[in-house]
Amino acid sequence: MTVEQRPVPTWARRPELRIGAVVAIALAIGFVVWLVAIRDGSSSSKSTNGATEVSPDRLRALSVEVGHPIYWAGPAADTTYELTRTPSGRIFVRYLPQGIPVGISNASFTIVGTYPVANAYNVLHQLAKKGGEASFDAPRGGVAVYAKSASTNIYVAYPSQNLQIEVYDPSPKRARSLITSGRVAPVP
């Protein structure tokens with residue numbers, strides 16, 4: 001029995017055509033990925049680098065969606081609220097002055113983060129006992145803890161909640177004031 005060998009098509013014998021075909025396929029795949037990314041990111045909110053401009057109403061709706069309170073520092077005039085969510089469930093609300101674009105990498109703005117942490121209140125009480133840490137009472141029976149070397153980031157927890165709240169402000173005095181004044185609270 002003899003096996004007939006098929007002739008190799010002309011295009012297959014020319015390396016420049018094979019490379020061109022691979023490039024064309026890669027471009028087509030890239031175009032499809034780009035289209036999917038545009039469609040997924042197209043909403044009524046502006047989105048940049050995972051950060052999205054949101055309204056207080058959207059924050060309320062998100063709180064219901066995730067099944068726990070989302071903390072913020074209350075409403076602020078002439079401010080854009082920027083929302084960032086991480087795959088681990090962390091939610092950040094950043095306060096951007098008017099004219100500052102959403103997604104800017106500059107970290108010199110107030111941020112309130114809400115994180116799922118089991119037994120957060122007890123975790124912070126234990127942290128407060130470690131050297132280099134300081135604590136104070138937060139309104140509504142909460143505890144606030146911060147590293148003495150990084151007093152711009154203050155962590156807060158309340159009894160019976162599995163949430164930790166982080167308040168960041170470039171001014172340690174303002175970060176503390178946002179907590180002690182009671183402004184840091186769940187979005188109503």
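Q: Which residue meets the side chain of Arg58 in a salt bridge?
A: A salt bridge here is a side-chain nitrogen of Lys or Arg within 4 Å of a carboxyl oxygen of Asp or Glu, and side chains of opposite charge can pair when their charged atoms come close. This is a predicted model, in which local features need pLDDT of at least 70 and side-chain atom pairs count only at pLDDT 80 or more, while totals for chains, interfaces and linings use all residues. Residues are numbered from 1 along each chain as its sequence is written, and side-chain values use heavy atoms, with hydrogens and water left out. For Arg58, the N to O distance is 3.5 Å, and the partner is Glu65.

Q: Is Arg58 buried, partly exposed or exposed?
A: Buried means under 20% relative accessible area, exposed means over 50%, and partly exposed lies in between (1.4 Å probe, protein chains only). Arg58 has a relative accessible area of 33%, and therefore it counts as partly exposed.

Q: How far apart along helix H2 are Arg60 and Asp57?
A: These two residues form a salt bridge, with the closest N and O atoms 2.3 Å apart. Helices (H or I, at least four residues) and strands (E, at least two) are DSSP runs, numbered from the N terminus. Arg60 and Asp57 are separated by about one helical turn, because their spacing in helix H2 is 3 residues.

Q: Which residue forms a salt bridge with Glu82?
A: The closest N and O atoms of this pair are 2.8 Å apart, and the partner is Arg94. The bridge links distant parts of the chain, since Glu82 is in strand S4 and its partner, 12 residues apart from it, is in strand S5 (residues 91-97). Glu82 is buried, and so is the residue that answers the question, Arg94.

Q: How many salt bridges does the structure hold?
A: Some of them share partners, and in this way Arg58, Glu65 and Arg85 are joined into one network. The total for the structure is 5.

Q: Where does His68 lie, and is it buried or exposed?
A: His68 is placed in the loop between helix H2 (56-66) and strand S3 (71-72). Leaving aside neighbours within four places in sequence, His68 has contacts (heavy atoms within 4.5 Å) with Ser63, Ile91, Thr114 and Leu163. Its relative accessible area is 18%, so His68 is buried.

Q: What is the phi of Asp78, and is this residue buried or exposed?
A: Asp78 lies in the loop between S3 and strand S4 (79-85). Its relative accessibility is 56%, so it counts as exposed. Although Asp78 is not a glycine, its phi is positive, at about 50°.

Q: Which residues of the largest nonpolar core touch the most other members?
A: A nonpolar core is a set of buried Ala, Val, Leu, Ile, Met, Phe, Trp, Tyr and Cys residues joined through side-chain atoms within 4.5 Å. The largest such core has 29 residues, and those touching the most other members are Ile154, Val156, Ile165, Ile179 and Val184.

Q: What percentage of the residues in the chain is buried?
A: The secondary structure of the chain comes to 4 helices and 11 strands. Among the 188 residues of the chain, the buried share is 32%.
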